[in-house]
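Open the model in your viewer and have the selection panel ready.

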Amino acid sequence: MTPKFKAQAGTFESSDIMVLIEPVDEGTGRQVDLSSTVMLQFEEDIKATINQVLDAMNVGHVHLIAKDKGALTPTIKARVETAIKRSLGIQEGTL
Amino acid sequence: MSVENTDFREESLDLKNPFDVKLVSEFLSNLGFDYITDDVDYSMILYNLNDELIGTGSYKGRVLKYVAVAPKFREGAAFAQIVTHLIDIVIQKHNHIFVYTKPANLVVFKGLGFTEIATAEPLFSVLEFGYENIRSYQDYLRSIKRDVHVGHIAAVVVNCNPFTMGHKYLIEKACRENRVVYLFVVEENRSSFSFSTRWRLIKEELGHIDNLVMVKGGDYVVSGTIFPAYFLKKEKKSDIAACQAELDVIAFMRYIVPILNINRRYVGTEMYSPVTLAYNKAMIKHLPPNGVELIVIPRITCGSKDNYISAYKVRQAIREDKLDTVIDFLPTSTRRYLLSEDSAHVRAKIKSKVTRH
């Protein structure tokens, strides 16, 4: 699936993560820009979690920007999932 | 501590309602801000459940402004909540968000994931956030870069509002004296002539020159964006202009020069505009110590000795309907454009308002 709209999920608050999705042209691949307050300790873990969600939702071509403030793994998963659903226009029940 | 989100209540402000405006301006004036409603597109306020006013935030276009939290609530999440609220709205319309703040507050915004572009001590820092960033602009620069490693590589930054013989002379002179010339055209549409018009008129006239590369100024070249003069009411206007200029020059030095290997920058002498004067001063301070030679070219004249060519005079002449007095200032492309019907709306716009740009 390829995102159609710009979308975001999350906040800037502590223990949360802000995820922004930007649609890109088919064939560009995934670009994940991550910045985190715990970059040194968990950069790879957070990226792995994000990629895992993208894989699960079958999103191959996307520009994803994440600003993390120490979110736990379930939070990261939820935020990425919501952002992707919003960008696909299939998120229901919020906004 | 209870759940943070339930501690606060967000409310949008009705900017037409004098009571709302008074509420915020009183709150802000206690914190040293001077709230001007014309300066914002939207404002929000944050209350706690005792209906105390905790903080506020606003934006204009893609610039966040007046983000402030009362001192006794600064330890909580109020600040993050205000910024989140504003970004939620702004990011719908813009890919790129800016914040100007005091260097002392730099760390607060960095903590929220903003990236610092440049700092001019002691007044300003500018930060960015969004889908596009300085890296995207650098990628663009790499895509148009000429592969030249030896010889002089020059940069010229122009607004060309409108394009005159003075610009043409400066650019052609630079092209003769250098291997490659990168011509940055200020992209911001705050001038009477739109970016696409300015770009087209230059291209028509100079597009044939081999070693001239036209570059879009993006958001980093003379991005006067929106002057954050509001929180600096104690400072002199000239100091603000100087710092603003310094920000631009630092950004140019830090992000553009290394990519394109620029080692010279051409500027024209400035006669009338204090802002450009401040800009030239900032360049003298920052460019030569960093290995970029600054070359100041005296303005050329037309006819008599004192008749300097200036885009300002051209706009003045349009305003007074005396285009024929400056017709010799204009290269063929601009002349043709100004005499044609295509420019009718631009001329009307210039006549209708008295601004310096």
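A salt bridge here is a side-chain nitrogen of Lys or Arg within 4 Å of a carboxyl oxygen of Asp or Glu. By that rule, the count between chain B and chain A is zero. The model is predicted.

Select both chains and show the residues where they meet. On the chain B side 21 residues are in contact with 15 residues of chain A. The two chains bury about 1,500 Å² between them, and 55% of that is on carbon and sulfur atoms.

Eight residue pairs are found, with both residues at pLDDT 80 or more. Then colour α2 (78-93) and β7 (124-130) of chain B, each of which supplies at least two residues to the side that touches chain A. The largest share, nine residues, comes from α2(B). By class, this side of chain B has eight nonpolar, ten polar and three charged residues.

Now move to the largest nonpolar core, which has 46 residues. Select B:Leu64, B:Val83, B:Ile87, B:Phe114 and B:Phe129, the residues with the most contacts inside it. The element that gives the most to this core is α2(B), with nine residues.

Centre on B:Ile87. Leaving aside neighbours within four places in sequence, B:Ile87 is in contact with A:Gln8, A:Phe12 and A:Met18 of chain A, and with B:Leu64, B:Ile97, B:Phe114 and B:Phe129 of chain B.

Last, select B:Ala118, B:Val148, B:Phe184 and B:Ile250. They are among the 45 residues of another core, which lies apart from the largest one.

Definitions and conventions
Residues numbered from 1 in each chain as written. Chains lettered and ligands numbered in written order. Predicted model: local features only at pLDDT ≥ 70, side-chain atom pairs only at ≥ 80, totals over all residues. Heavy atoms only, no water. Contact = heavy atoms within 4.5 Å. Buried area = accessible area lost by both parts, 1.4 Å probe. Polar contact = N/O pair within 3.5 Å; in protein donor to acceptor, adjacent residues only side chain to side chain. Helix = DSSP H or I, 4+ residues; strand = E, 2+ residues; numbered from the N terminus. Nonpolar A, V, L, I, M, F, W, Y, C, P; charged D, E, K, R; others polar. Core = buried A, V, L, I, M, F, W, Y, C linked by side-chain atoms within 4.5 Å. Buried < 20%, exposed > 50% of the residue type's maximum accessible area, 1.4 Å probe, protein only.
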